[in-house]
Amino acid sequence: MLKCRTVWKKLAPLARSSSTLCRQNVKRTGLNNGRIPTCVPAANMSTGPGGLGGDNLKYTIMVGAACVGSLTYAYFLLKGDQKRYQERIEEITTRSQRSSKEEAATVQSEPPAVEATQTEAVPESVPEAAPSPEEPSPPAAPAEEPAAPAEAAAPSETTAPPPADEPVVEAPPEEAATPVAAPVVEEAADSTPASLKVPSHSPYLLIGGGTASFAAARSIRARDPGARVLIVTDEPDLPYMRPPLSKELWFSDDPSVTETLRFKQWNGKERSIYFQPPSFYINSEELASAENGGVAVLTGKKVVHMDVRGNKVKLDDDTEISYDKCLIATGGVPRNLQVIERAGEEVMKKTTLFRKIEDFKSLDNVSRNAKSITIIGGGFLGSELACALGRRSTESGLEVIQMFPEKGNMGKVLPEYLSNWTTEKVKREGVKVIAEALVKSVTCKDDKLEIHLKDGRLVKTDHIVAAVGLEPNVDLAKSAGLEVDSDFGGYRVNAELQARSNIWVAGDAACFYDIRLGRRRVEHHDHAVVSGRLAGENMTGASKPYWHQSMFWSDLGPDVGYEAIGIVDSSLPTVGVFAKATAKDTPKAATEKSGTGIRSESETEDTATSPVASVTPLPPVAHKDDYGKGVIFYLRDKVVVGIILWNVFNRMPIARKIIKDGEEHADLNEVAKLFNIHED
Amino acid sequence: MSYCRQEGKDRIIFVTKEDHDTPSNAELIADDPNDPYEEQGLILPNGDINWNCPCLGGMASGPCGSQFKEAFSCFHYSKEEVKGSECIDNFRNMQECMQRYPELYPQEEDKESSSQGESSSGSDSAAPSDNSALISESDSTPAAASSDSTSPTDSQIAS
């Protein structure tokens with residue numbers, strides 16, 4: 001029906017203009033005919049009696065015919081639209097009775113439908129060509145697809161007339177329809193994966209299309225044969241992994257990386273950030289009828305309301321989907337600084353909150369054009385982006401500034417001595433680090449941003465990247481009646497990630513009970529995979545608690561790469577055991593190691609360390625306090641609750657075991673021996 | 001010799017290789033192989049296949065998941081002298097399905113023939129390496145992608 005309206009809107013100006021012309025001409029001729037005797041001088045210029053009048057008459061007739069023709073055409077089109085609409089409504093109501101055999105029949109009926117459109121459009125008039133593909137297809141199941149090409153063909157037919165000249169309005173639609181219908185049909189068929197219709201029921205409904213959701217979908221499909229899984233996401237993209245957006249993608253040599261989104265893994269092989277190519281997923285229309293089930297993704301749709309008693313959700317376009325089991329994996333939204341929000345639109349336009357693919361694309365663009373970028377935030381994301389941009393700065397002369405309230409990079413994660421050491425490394429990557437910086441206000445002056453710090457310092461820059469944390473998305477808590485945790489944020493769930501009987505939560509948005517480490521909320525990639533997988537298992541009847549500890553990792557330049565597990569909070573007492581630097585221990589050895597290390601222990605998806613292109617080995621450091629490689633234990637009440645493997649790799653299982661045991665160890669040096677830190 | 005320092009609440013120890021030469025006297029609790037909470041490897045304690053094993057990548061969950069499961073189950077439970085020799089049809093179905101999705105399962109001649117050869121003559125312990133042959137590059141996992149990575153995964157499977 002919307003299409004009818006747009007068609008009518010397109011036709012209306014045409015009709016109006018042609019009708020005014022008609023009227024004008026009629027008036028003129030009327031004027032001439034009626035008033036020639038009295039108004040000859042006035043009328044001479046534009047119209048006149050005799051020969052000019054004859055031309056005028058022909059012109060009038062042609063224009064009049066065109067008007068009539070276009071009006072007839074519009075009328076038939078509307079009629080055809082109404083007919084199609086009726087047929088569509090009928091088709092929807094009887095769709096549930098269709099079997100999959102009819103689906104196969106449609107595939108065969110589609111090519112003849114396409115041919116029918118082509119051959120019939122030429123001899124017959126356009127309006128008849130539109131309903132004709134309908135004839136072979138109505139009995140078939142996903143007649144949505146023939147209907148879509150017919151509909152898509154119709155707007156293309158109508159767009160042909162307005163550009164065409166008025167007198168030849170009728171001919172082009174027919175000619176244009178034939179060649180246009182064919183490619184349009186193919187295009188429409190290709191684009192139907194971007195689903196047109198929302199299914200009314202899905203046994204497994206996953207809200208959110210990120211890492212946790214995809215891991216859950218995979219887990220459900222593995223355990224429940226033939227499962228039908230529907231992922232609903234408000235992003236336009238299929239599920240993808242986030243770590244490369246702040247790491248590997250920035251180190252790619254490919255200039256078209258913002259389009260391809262492919263990166264090189266530690267083993268040299270390239271892959272896309274998307275978990276699976278589009279062919280892995282099925283159309284959401286086919287979800288109910290697919291013989292072996294599948295995973296369908298509904299992009300660009302947001303769930304706004306959840307009815308827990310009725311087991312259904314409502315989308316932003318007012319459609320409802322009912323479910324048997326539901327997963328909430330809505331992740332979060334980047335936090336912004338209040339001073340920036342208050343600073344006005346000019347400042348907001350020059351600020352990036354980094355999380356999604358589009359943020360990566362825009363920041364990449366900015367980094368090529370701006371002279372100076374400031375990153376506010378000294379945590380994982382801020383430091384990784386600073387190092388990535390810092391590396392770019394060596395080629396382009398871009399000024400990269402990083403500012404944060406802590407004393408050093410990763411100040412909330414690493415013990416102070418290590419944080420200071422890391423900050424020096426970040427500075428070596430070309431970043432101007434401003435520590436202990438609290439932003440007082442931000443203003444925009446002469447198209448440049450001015451950041452005023454509380455201690456009086458002033459920083460002038462072109463663009464700001466705010467990496468100050470993530471706000472978990474708990475929009476559905478109110479309508480669903482779900483508990484939100486006040487300490488950590490996020491939905492409160494039990495050890496089995498369950499919020500209510502049929503509702504689970506996983507990923508960044510889940511505040512869950514960890515049997516070993518207590519209640520927590522984790523915002524790391526591997527946790528999203530582990531919790532997503534666990535939620536999927538529990539949705540298919542497993543009843544397992546969160547047990548397999550997830551890990552995380554970060555790389556800050558060629559000298560600093562670490563993997564960590566458990567609670568890694570710098571406010572806890574720590575014990576760090578480092579290999580004493582000998583002539584053999586060089587940062588280069590550490591970077592070669594980081595080329596072979598396995599990062600993601602959950603192994604669901606391959607994730608990579610930063611491929612180190614060329615590193616000039618620094619001279620062996622004889623300095624006592626060089627933290628080249630080692631193990632750091634984080635203690636709570638004398639029990640190890642967190643471990644960082646500093647430039648040592650492939651030892652995560654041992655770390656996991658130590659945390660799982662939860663024992664009090666008298667001498668942590670003995671525990672450190674288990675890691676063999678002196679070896680590769 | 002090792003060197004120790006205290007900075008506030010943080011303790012820093014530097015150790016040489018010799019310091020760490022002696023075996024550790026730290027005690028670790030023995031693992032229960034039948035612990036239901038633990039992540040299982042490819043084969044569960046009761047002998048069944050763990051379809052949710054990360055080592056399988058997306059094989060059991062993708063569009064050809066059911067064909068893969070049938071083929072691999074048939075092979076796993078096969079008691080023939082040449083293991084899996086009666087499963088040719090299942091593997092053929094799987095291959096036909098995979099050919100319909102070249103993006104997900106890139107068709108490489110040597111991979112196909114090697115997977116067929118391995119499946120008919122391999123044993124259960126070769127199963128992870130079977131998967132490494134079957135699993136496509138596009139659906140890469142650290143486990144399957146290269147020989148370098150199989151050892152840590154195996155150690156995790158074993159644990």
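User: What's the handedness of the crossing of α12(A) and α13(A)?
Analyst: In this predicted model, the crossing of α12(A) and α13(A) is right-handed.

User: And at what angle do they pack, and how far apart are their axes?
Analyst: Helix α12, residues 357-369 of chain A, packs against helix α13, residues 380-396 of chain A, at an angle of about 40°, and their axes are 11 Å apart. The two helices are therefore oblique to each other.

User: Which residues meet there?
Analyst: From α12(A) the contact involves A:L363, A:D364, A:S367 and A:R368, and on the α13(A) side they meet A:L385, A:L389 and A:R392.

User: Which strands does α12(A) lie across?
Analyst: α12(A) lies across β10, β11 and β17 (463-466) of chain A, and runs at about 145° to β10(A). These strands belong to an open sheet of 5 strands with parallel pairing, in the order β10-β17-β11-β12-β13 of chain A. At its edges stand β10 (351-353) and β13 (431-434) of chain A, each with a single partner strand, so one side of each has no neighbour in the sheet. From one strand to the next, the twist averages 20°.

User: How many bridges join β11 to β12 in chain A?
Analyst: Strand β11 (residues 372-376) and strand β12 (residues 399-403) of chain A run parallel and are joined by 5 bridges; A:I375, for example, has A:Q402 in β12(A) as its bridge partner.

User: What about α14, which strands does that one lie across?
Analyst: Helix α14, residues 416-428 of chain A, lies across β12 and β13 of chain A, and its direction is at about 145° to β13(A).

User: Switching to chain B: how do α1(B) and α2(B) cross?
Analyst: The axes of α1 (residues 65-77) and α2 (residues 88-99) of chain B come within 8 Å and cross at roughly 155°, which makes α1(B) roughly antiparallel to α2(B). The crossing is left-handed, and among the residues making the contact are B:F68, B:A71 and B:F75 of α1(B) and B:F91, B:M94 and B:C97 of α2(B).

User: Last topic: how many residues are in the largest nonpolar core?
Analyst: The largest nonpolar core has 158 residues, and those with the most contacts inside it are A:M306, A:F633, A:I643, A:I644 and A:W646. Apart from that core lies another, of 15 residues, including A:I376, A:M403, A:A437 and A:L449.

User: What does A:I643 touch, leaving out residues up to four places away in sequence?
Analyst: With those residues not counted, A:I643 touches, among others, A:V568, A:V631, A:F633, A:I658 and A:F675, and also A:E563.

How values were computed:
Residues numbered from 1 in each chain as written. Chains lettered and ligands numbered in written order. Predicted model: local features only at pLDDT ≥ 70, side-chain atom pairs only at ≥ 80, totals over all residues. Heavy atoms only, no water. Core = buried A, V, L, I, M, F, W, Y, C linked by side-chain atoms within 4.5 Å. Buried < 20%, exposed > 50% of the residue type's maximum accessible area, 1.4 Å probe, protein only. Contact = heavy atoms within 4.5 Å. Axes fitted to C-alpha atoms, helices over the stretch in contact; angles between N-to-C directions. Helix = DSSP H or I, 4+ residues; strand = E, 2+ residues; numbered from the N terminus. Parallel < 35°, antiparallel > 145°, perpendicular 65-115°, else oblique. Left-handed = near helix turned anticlockwise from the far one by under 90°. Pairing = 2+ DSSP bridges.
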